[in-house]
Amino acid sequence: MNIMFLSDQDYFKMPPLKIEDETMPVVASTVEEKKTAQNEPKKEYKMEIVWTNLIIHTVLHATALYGLTVEIWRSQWYTLLFAFVLGWFSNLGITAGAHRLWSHKAYSAKLPLRIFLAIIASLSCQNSIYIWCRDHRVHHKFTETDGDPHNAKRGFFFSHVGWLIVKKHPEVIEKGAKLDYSDMLNDPVVKFQHKFYYPLILMISFVLPTVVPYFLWNESLWNAYFVAAVMRLVLTLNIGWCVNSVAHMWGNHPYDETIEPAENIAVSFFALGEGWHNYHHAFPFDYRASELPWKLNPTTQFIDLMHLIGQAYGLKYMSKEAIRSRATKYGDGSIYPRGDKTN
């Protein structure tokens, strides 16, 4: 199979790229590879808390709880709307940017769109794009093994937030060192955002959400900080983390029942289409992250809009035949009956 990446000049001449083979490079693992990884001998590991991270997350959540229970009632509705819009775009920076564009290379983007996605990804404070993608590629390659940074088999709390407050399992470091990240290291937008990550998140995620309401509609700095900055940040963080926890534990498995990731409609609703997780882990290089891109999938609609105006190109998607082939072979029968080869 030959996947071509289109130049900007060729964009309007070519349609999205239809993939007939369900096996792709980058981060996709075959069923056999996953079984091999899961059956490897366990290495000795003692969990160690990273106290700095624990303190930061504890303070953030306590502050957000104060904003949610007290300051939210004292804020102007403009501030609440502003917080919602910022939260929506911060999620989009991860789903359309760090996830589908940079982690999986499911489509390509021109420089203005890459810059925009890097800015709104910084709103989310989920590590730099480079670190986020590095962890995510390792997660896909070694899902639900010790090599998975947020292995859901270690429990809900660990896969949701615990993995961020303890040292990585040595398998994560060892396995991660074997993957290729050169594409991200060669992207000047990713390099810049990684180099200046802390000043960027300080300005974009904390300072601007605090001062914009103050100057534009005379909101108090106190209210703006607790609602538009901290409360908004913590709520969107937990929405994103639900993809690692909730969508790996609850839902059906129509495309591959040999893996834990599931189709979870609630996660898709809040996480802009990222909850169709069984499909996504079966076909991680599909830019739609779902067989039905119009069904609770705002990220796909955003990418389609960017494609329409010429900012996104080289969109990759699975053929219906390849989807059915995987589902009838490995799925739980909830959408495609096992062994059904009809169209």
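Predicted model: local features only at pLDDT ≥ 70, side-chain atom pairs only at ≥ 80, totals over all residues.
Which residues does Ile303 touch, not counting residues up to four places away in sequence?

1. **Contacts of Ile303.** With residues up to four places away in sequence set aside, Ile303 touches Ala96, Arg100, Tyr107, Tyr287, Ala312 and Leu315. Ile303 also belongs to the largest nonpolar core, where it is among the residues with the most contacts inside that core.

2. **The largest nonpolar core.** This core has 33 residues, and Trp102, Tyr107, Leu113, Leu117 and Phe302 stand with Ile303 as those with the most contacts inside it. At least two residues of the core come from each of α3, α4 (111–124), α5, α9 (188–195) and α14 (298–308). The element that gives the most is α3, with six residues.

3. **The largest pocket.** The space in the largest pocket amounts to about 1100 Å³. Its lining consists of 41 residues, and those that lie nearest its centre are His57, Cys125, Gln126, Asn127 and Leu164. Two or more lining residues are given by each of α2 (51–69), α3 (77–103), α5 (129–141), α10 (197–217) and α11 (221–244). Of the elements, α11 gives the most, with eight residues. By class, the lining of the largest pocket comprises 23 nonpolar, 14 polar and four charged residues.

4. **The second largest pocket.** About 410 Å³ of space lies in the second largest pocket. It is lined by 16 residues, with Phe84, Trp88, Thr236, Ile239 and Phe270 the closest to its centre. The elements giving two or more residues to this lining are α3, α11 and α12 (265–270). Here the largest share, six residues, comes from α3. The lining of the second largest pocket divides into 12 nonpolar, three polar and one charged residues.

5. **Ile201 and Cys125.** Ile201 is found in helix α10. Because its relative accessibility is 10%, and buried means under 20%, Ile201 counts as buried. Ile201 and Cys125 are 76 residues apart in sequence, yet their C-alpha atoms are 6.3 Å apart in space. Cys125 is also one of the residues that lie nearest the centre of the largest pocket, and α10 is among the elements that give two or more residues to the lining of that pocket.

Definitions and conventions:
Residues numbered from 1 in each chain as written. Heavy atoms only, no water. 1 Å grid on protein atoms, 1.4 Å probe; cavity = no way out; pocket = protein on both sides within 12 Å on 5 of 7 lines; lining within 4 Å. Points joined across faces, edges and corners; volume = space filled by probe spheres on them. Helix = DSSP H or I, 4+ residues; strand = E, 2+ residues; numbered from the N terminus. Nonpolar A, V, L, I, M, F, W, Y, C, P; charged D, E, K, R; others polar. Core = buried A, V, L, I, M, F, W, Y, C linked by side-chain atoms within 4.5 Å. Buried < 20%, exposed > 50% of the residue type's maximum accessible area, 1.4 Å probe, protein only. Contact = heavy atoms within 4.5 Å.
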